[in-house]
Amino acid sequence: MKLIKARFGRIFASIFLIFLILISPLPQISITAQAANSTYTLENESFIPSRSFYPYYISIYSSCKSNLIKGIWERVLYEENNYSSYNNKGTYGTWAQEYYTGAAVNYISSNGASTSWQNINFSTNSGDFDIFLGNTLEANPEMLGEMLGLRGYTAVSSKTGQYSQASLLDTYRKVIYEKLASPEKYKSFAKSMVSLTKYGKYLSDGALSSAAYNGKTFDYWMLCTLAYFYEGDGSETYLSQKQVAWLENYAPTLVNEYVGSGATSFNGVNWIPSGTSLAGKYKPIYNLIARSSAGVNNSAKNKEFFNYVVSSGTGAGTWLNRHNSINIARLNNFDNLTNLFAFSDGWCGGLCANVTCHSHTATCYKLDNCKSMANSNDLICVQLHRNPTADDFLKSNQSILNVYGADANQSDTWQFRHRVKHTNYSNSGSETKSIRAAEYADGAGIRVKMIEDADGQEWEYVKTTAVIDLAKVLANSNAPQTVSVTFFYEGNPNSDFDDHDTKTGDIHTTWLSNVDGIYSETPNEYYRDIGENPPMAVFDRAIWEWVSGADSRYATYSNIYNGNVNYPTLYTGPENVVDTFRNEHSSGTIQNQRNHKVYEWNDMEGSTHASFRTYTFNISNLTKAQLEQGYIAVTSASLCHATSGDEYCAIGLFHYITIEDKINDCDINGHQWKVKNNSDVVWANDYSSVNITYTCDKKISERRTCTIKTTPYKSSDGKTITYRAAGLFGDNYTRVKNSSAGSSGTTKTINLSSNNVEGTSPTDSDSSDSTVWPGGAKSSTVYKQATSNICFRIRNQIPAGTQKLQFYYYSSENLRELNIEVLSNGKIIGQGGLTKPTTIDKVNGIVTITLSNNSDEDLNGCYVNITGEAHTFHEVPVGTTPSRADSKIGITKMVLYF
């Protein structure tokens, strides 16, 4: 750093003395385990820059183990936070405004750029100086304890008493508290705290609880930071086992605090700040308690916590296994329980009695294959299903419930697939079930008409229409084969009406049914007055039944076809007398559940006799598009015939329709899901995930797609990165990517010039022919001298995978300084030059820096900072003329090795 020293006018001694008087770092003693010292140290601990150069000095050497860097930080943080009290000039408003003197004192940002700090507040900065402070605390592990005044550490102090220790500690505690309490804002500082405490330092000895700020001890504020990185899935990315154990030790207290606050911080979709508890204020703490054993077993909030964990996409299996009533092997491996059930075939793997396992299609599997067909995922699903506690949690989450199923009758769900494998359907390949699709059928309702005091032969007619959207059928069916719609009709030949006189009559009730099949028009385009003006059917035929003796206006429309189409067939079922619709209401009413209208007639005595007729439509040959767009329209009519007295007739639609559903799909019959083509595996641009589409090997129309996160593995030589993804059925996928700009063993040479560096030119020269008489007239010697300097940066030219760097340099007679640092986020990851003798070859003019120990993450975005100074000094006795002094220094090229 002689270049910087020269710029300061070599006033080091006086500044150093002032600095020591103001705030002097003292030798520290820690009772915790010692952390490894930083690999990198300052060139000269005795050199003290002026305040204007503090930011620059910090930006280059923040990751060095150094009392000097610690002292600079302590001074900046204190003076900045107490600026108004110690600054009596009244000229400047902030520390930065007073000491920033222009571009000459810019600092080097975390991406290697020369950057102004004119308006920066170093204490609250969440960018570069957040990174730099974290770097210094990591490199100097005792510094945190000194700044907070923790038990076992010697607190910082001012030797002169100019600033009281209490004032110093209060300032530093405030700065550290603000960063620890807001890890989402001060992310880089938070990561440094993770590194600092990874092996138990500040956690194992309880020292953090010996100092407090804002009403909480610092173990609480450290908890806020570490909880931000807590994943709780049993395989932590950032935290060590010691950190996790320390965090989870606080969980019961934090759960009780959250429950007691009465807040609900998860609304089913997002976490939202809510209440006064720590978990309600900070998402990391909520995340901690939601995933903790205490939270899992807290009956007041555990379903809220479960939905939160499921929504997060990580740790759902681990969460369930932490419940005291659940212990399922390998469940911890599953983050996405929705996918777990969606891709399970429902085999029991022998957990159910063998006698309950049934074959539905003999070519697919045998009776005893429940064990052989099941994979480990199926076993987990069955165990979750058979555990009442797990089953209750699964049904409490809507996304899981959609694929798990509310019960075994819900089509296209795991419960349905599991049931049909353990229920004997006599190999029919189908089952019949009822759904409420007809309840909301358009136009459907109960219709009633009466003949009052018939005189002679009289007829009355009543009709109702039902238009059923097939989309409702699809929503409740796996593969619908037939759909059946049932109507009831009724009459009473021996009813007492309003005059309570017994009347006799000839009741003749029959059906006039216009079945206009499946319509592709939208409901608004459908002409609904089918009874009076039958519309043209899009496909299907219309049939009217003719009953002898009925009014001639109900003429038969027989076999009306519309084009040569393979129409679904109409089936007219038998009439049966049933008492399903017996009136149970004391007022003598029948209530239509669709629109809640009540049809009422006078007090009824005797039985209400109902008959019904079912119409079945074969829709197995319809395309998916036809099913999605289709409608079934049925109009039915009832005729009432009387010769004397009051008679009535009624008609209405059953609220349930019946579906014959196909059960031999890919999952149920144990067919295999396979990746058919390479195009079915689509990798993300950054290889972080892969979309895999599976096709049923016996039914290519059945396809399922899932997104799977990859895991990267760097090769031992650092040359390649392999991305691996585990498929759902034991299949694995990999992509290998070069982690460098060159192939293994190759090199890349970059010739340096003013065009590809920032700062000064990579070369400099100076000449002097002026003779200097150092002692004036009494000089015994005279001399000539020249000095050349370089100070520049190389950015965005070192790719991931670089194993080492070589810099080719030249210099004149005396190379005073040559310091080369490779930095990443302000942290030195490689260093070479005069301060590292093993890295410099003075004979050939080469500095070699090894980078192979660094990760790709470190190398991405790294930059090089180079400072150098060469000096030429020609001294001769008086009376002799020294030769001309020429000085030069330069870096000509950088060579990258892969």
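## A pair of strands and its sheet

Strand β28 (residues 814-824) pairs with β29 in the antiparallel sense, and six bridges join the two; strands here are DSSP runs of E with at least two residues, helices are runs of H or I with at least four residues, and both are numbered from the N terminus. Two strands count as paired if DSSP finds at least two bridges between them. Within this pairing, Val822 stands opposite Gly830 in β29. In general, strands of a sheet pair through backbone hydrogen bonds, either parallel or antiparallel.

Both strands belong to an open sheet of five strands, whose order is β24-β26-β32-β28-β29 and whose pairing is antiparallel. At its edges are β24 (758-759) and β29 (827-833), each of which pairs on one side only.

## The model and the chain as a whole

This is a predicted model, in which local features need pLDDT of at least 70 and side-chain atom pairs count only at pLDDT 80 or more, while totals for chains, interfaces and linings use all residues. Residues are numbered from 1 along each chain as its sequence is written, and side-chain values use heavy atoms, with hydrogens and water left out.

The secondary structure of the chain comprises 27 helices and 33 strands. Of its 898 residues, 52% count as buried, where buried means under 20% relative accessible area, exposed means over 50%, and partly exposed lies in between (1.4 Å probe, protein chains only). The chain exposes about 39,300 Å², of which carbon and sulfur atoms supply 46%; such areas come from the Shrake-Rupley method with a 1.4 Å probe, and for residues only the protein chains shown count as cover. Among contacts in the chain with a separation of 6 or more, 70% are between residues 24 or more positions apart, a contact being heavy atoms within 4.5 Å.

## Nonpolar cores

The largest nonpolar core has 144 residues, and those with the most contacts inside it are Trp117, Phe218, Leu320, Leu337 and Leu384. Helix α11 (residues 218-227) gives the largest share of this core, eight residues. A core of this kind is a set of buried Ala, Val, Leu, Ile, Met, Phe, Trp, Tyr and Cys residues joined through side-chain atoms within 4.5 Å. In soluble globular proteins, nonpolar side chains tend to be buried together.

Leaving aside neighbours within four places in sequence, Leu384 is in contact with Leu320, Ile328, Leu331, Leu340, Phe341, Ala390, Asp391 and Leu394. Apart from this core lies another, of 29 residues, which includes Phe792, Val822, Cys862 and Met894.

## Salt bridges

The count of salt bridges comes to 16, each being a side-chain nitrogen of Lys or Arg within 4 Å of a carboxyl oxygen of Asp or Glu. Side chains of opposite charge can pair when their charged atoms come close. Because Lys65 lies in the loop between α3 (54-61) and α4 (67-81) and Glu142 in the loop between α7 (128-139) and α8 (143-148), the pair ties together parts that are 77 residues apart in sequence.

Glu142 also forms a salt bridge with Lys70, where the closest N and O atoms are 2.7 Å apart. Since Lys70 lies in helix α4 and Glu142 in the loop between α7 and α8, this pair ties together parts that are 72 residues apart in sequence. Lys70 and Glu142 are both buried, whereas Lys65, at 26% relative accessibility, counts as partly exposed. Lys65, Lys70, Glu142 and Glu146 are linked in a network of salt bridges.

## Helix α17

Helix α17 (residues 302-312) is mostly covered, with eight of its 11 residues buried, including Phe305, Phe306 and Tyr308. Glu304, another buried residue of α17, meets Lys301 through a side-chain salt bridge (3.0 Å, N to O), and both of these residues are buried. Gly313, whose phi is positive, near 85 degrees, follows the helix.

## Lys174 in helix α9

Lys174 is placed in helix α9 (residues 165-180) and is partly exposed, with a relative accessible area of 30%. Not counting residues up to four places away in sequence, Lys174 touches Asn81 and Tyr213. The C-alpha atoms of Lys174 and Ser123 are 9.5 Å apart in space, although these residues are 51 residues apart in sequence.
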